[in-house]
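Subject: Structure handover

Hello,

Here is the structure for you to look over. My notes follow below it.

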Amino acid sequence: MTPSPDISQPEQAAPVSPSGTLAIETQSLSKHFGRRKAVDGLTISIPAGTIAGFVGPNGAGKTTTIRLLLGLLRPTEGSATILGQPLTHPERYLPRVGALVEAPAFYPSLSGRTNLEVLAHLGGHPRSRVGQLLELVELSDRAKDPVRKYSQGMKQRLGVAMALLPDPDLLILDEPANGLDPLGIIQMRDLLRRLREQGKTIFLSSHLLGELEQVTDWLVMLNLGKALFSGPARELLDRRGELVVEAEEATQLDLVTRIATEAGYTVTPDNGSLRIACPLDFASELNRQAREAGATRIAIQAQEASLEERFLALLKGDHA
Amino acid sequence: MIRAFRSELLKLRRWSVLAGGAVMIAATAFIAYLTFHQITSGATGPELTPLIQAFPTPQGLITVVGQARSLIIVIALIMVTSNIAAEWSQGTLRNLLVREPGRLRLLAGKMLALVLFVVISLALTLAISAALLLVAAQAQGSSTAAWTSSEGMRALLAFFGNEVLCLLGISLLGMLIAVLTRSVGAAVGVALAYVLVPEGVIAMVWQEGSKWFPVRVFNFLPGSTVPPAVGPPPPQGYPTALLVALLWMASFVVVSAVVFQRQDVNA
């Protein structure tokens, strides 16, 4: 994938839901396989024009959810709308959706180009689009080779080209970075950002939490088929982190310890400072109470938790 | 459906599909030549007698070519079954359904292309086998006037038309098996087991009932165009056999459509 010149610069996430509309909305969506509840009353919403990260441990129900959204599985209960159209009528929204589900699947004895042409014919997309996409994912020089000769990373890039065939408004990608080398991952990240700038919505399932943290505006966390969190990524990351409190006098730190402990947070002394695991917005309240108690010469620093730390905390049942 | 049909035509370039057609052509030509050689070499036997009697007649050509009919049926069944089931086994079905969510349109377009491929393979098979036999007969000084007479051509066309109907039924049976099994290995296994066990073994002990079995009914249709001694002629009569064949085809289509439409795609 051709990188744009500014890929090394960290980018700000786009404003959430610039259009105010929802690309995906599910209501109590469930899918049961026998007695196993793969997706269990899932209610989430993804604003249009965002990159939404979809995370969860193996078996959390991510792929099942994606298959439900693509009309490949029939829900046991619940409803959903995709691009404003009901899940029960996939023919109304799938022409505007591109998808890469699990490992990309191709006809191994056909060339990369023919594999794309098969889908271009089926979707009624112009053949010229195939050439453009092969160029975009940098497979033009191997386009005539049978796919069985492609490396995992090349197959993954062909899968991304396949998902982009309809020039979709909504792109659903399931582990698109699988098999990509570090440069490929950076290029993928850059591509996703450029697609978002074009107003597309990207629903991105990935285990690479560090990658998601860099590109997502919105997050959906799933465990045991239920949503642990669905909302702006910033809200989740700000929700809980660590406050580091420093003071010249130990008595002032004692006061801070008492205030934080009474508020129900864990305080850990660390080389003459305190580390308080709490929501970052507790900082102003702590500062106010400390001043009232007489601790006027303290310095409070907020440290965000990483997405990985938040993910683990949510899995352990910490919903604060 | 036309988009699905055109898309499927591209996939027929795969060597595995082309190999199926090539095997059909080569095996039929080989069996036809072997039969021809046995007849013209003066060999005798109860199995050869009806063939020897039919050989100089206008039905002589189709009698000899038709000796590979069972093989053609088996190859067509494997080709269609494996081709459809492979969409599940390879996981490509999900790609297809995202681009064409109308499942029945997808299945219909796919079947149209596959049946077209089977019919073209059959036409080539008959043409090549017939040409081979004509050349061989001329080389050996055997008369082929009856084969190329207008009656002979009518017999050839009737045979081709009924063989097409037979292979259409076989293809629809293959589609049903593939939709139900959703795996190449299972689909081909079930298809072959079905032809061999219920249609083969049960037929030996229950002839009266087995004449209604689908593969046998389909096979009766081209069997009715060759001399009865070569057959197999439809014991229930051609019109009844045709009606039953059409009913089998319709039921395969309905069951496949209902199952495929409601099926979860986990592949």
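What volume does the largest pocket have? In this predicted model, the largest pocket has a volume of about 500 Å³. Its lining is made of 24 residues, and the closest to the pocket centre are Gly71(A), Arg74(A), Leu87(A), Thr88(A) and Pro90(A). Both chains take part: strand E4 (77–82) and helix H2 (90–93) of chain A, along with helix H7 (103–140) of chain B, each supply at least two lining residues. E4(A) gives the largest share of the lining, with four residues.

Next, a strand in chain A. Strand E11 (residues 241–247) of chain A has five of its seven residues buried, so the rest of the structure largely encloses it. E11(A) has antiparallel pairings with two strands of chain A: with E13 (residues 273–278) over six bridges, and with E14 (residues 298–304) over seven bridges. On the E14(A) side, Ala247(A) has Ile298(A) as its bridge partner.

Trp206(B) sits in the loop between helix H10 (184–205) and helix H11 (207–210) of chain B. Its relative accessibility is 49%, so Trp206(B) counts as partly exposed; the exposed class begins over 50%.

Regards

Notes:
Residues numbered from 1 in each chain as written. Chains lettered and ligands numbered in written order. Predicted model: local features only at pLDDT ≥ 70, side-chain atom pairs only at ≥ 80, totals over all residues. Heavy atoms only, no water. Buried < 20%, exposed > 50% of the residue type's maximum accessible area, 1.4 Å probe, protein only. Pairing = 2+ DSSP bridges. 1 Å grid on protein atoms, 1.4 Å probe; cavity = no way out; pocket = protein on both sides within 12 Å on 5 of 7 lines; lining within 4 Å. Points joined across faces, edges and corners; volume = space filled by probe spheres on them.
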